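I want to go through the hairpin, the salt bridges and the surface charge.

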Amino acid sequence: QRKVMRVVKIYGTGQFFMCEHHEANVDARNSDKTDAFAYLSKMPGSFLKAKGRAVTISPIGDVRRQVIEN
């Protein structure tokens, strides 16, 4: 299943946390134990295994894959 997500936090270990792009007030909701919302956590290797990709979204909503060169 494809999802458009945004990065919320990045740790020095490489672990990063994401949420769906349409979610609001995510920091407070993630801290609230009564709310079912939770961040999705990935390490770079597991992100690549899940076939995750970096994208950009234009102001009118066009989703485009970013080309990352080494």
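Started with the hairpin: β1 and β2 form it, with 5 residues between them. I checked the turn and found Gly-14 there with a positive phi of about 100 degrees. This is a predicted model, so I keep that in mind for everything below. The two strands run antiparallel, and I get 5 bridges joining β1 to β2 (residues 16-20). Looked up Arg-6 too: its bridge partner in β2 is Cys-19.

Next, salt bridges. How many does the structure hold? I find 3. One of them pairs the side chains of Lys-3 and Glu-20, at 3.9 Å, N to O. Lys-3 sits in the segment before β1 and Glu-20 in strand β2, so this pair ties together parts that are 17 residues apart in sequence. I have Lys-3 as partly exposed at 47% relative accessibility, and Glu-20 as partly exposed at 26%.

Then I went to Arg-29. Its side chain meets Glu-23 in a salt bridge at 2.5 Å, N to O, and it also meets Asp-35 in one at 3.1 Å, N to O. Shared partners join Glu-23, Arg-29 and Asp-35 into one network. I noted Arg-29 as partly exposed, with a relative accessible area of 22%; Glu-23 is partly exposed at 22%, and Asp-35 is partly exposed at 27%.

Last entry, the surface. Which residues gather in a patch of positive charge? I list Arg-2, Lys-51, Arg-53 and Arg-65. Arg-2 is found in the segment before β1 (5-10), and I have it as exposed, with a relative accessible area of 83%.

Technical notes: Residues are numbered from 1 along each chain as its sequence is written. This is a predicted model: local features need pLDDT of at least 70, side-chain atom pairs count only at pLDDT 80 or more; totals for chains, interfaces and linings use all residues. Side-chain values use heavy atoms; hydrogens and water are left out. Patches are made of residues with over 30% relative accessible area and no salt bridge: like charges are joined within 9 Å, nonpolar side chains (Val, Leu, Ile, Met, Phe, Trp, Tyr) within 5 Å. Accessible areas come from the Shrake-Rupley method with a 1.4 Å probe; for residues, only the protein chains shown count as cover. A salt bridge is a side-chain nitrogen of Lys or Arg within 4 Å of a carboxyl oxygen of Asp or Glu. Lys and Arg count as positive and Asp and Glu as negative; His and the chain ends are not counted. The place of a charge is taken as NZ of Lys, CZ of Arg, CG of Asp or CD of Glu. Helices (H or I, at least four residues) and strands (E, at least two) are DSSP runs, numbered from the N terminus. Buried means under 20% relative accessible area, exposed over 50%, partly exposed in between (1.4 Å probe, protein chains only). Two strands pair if DSSP finds at least two bridges between them.
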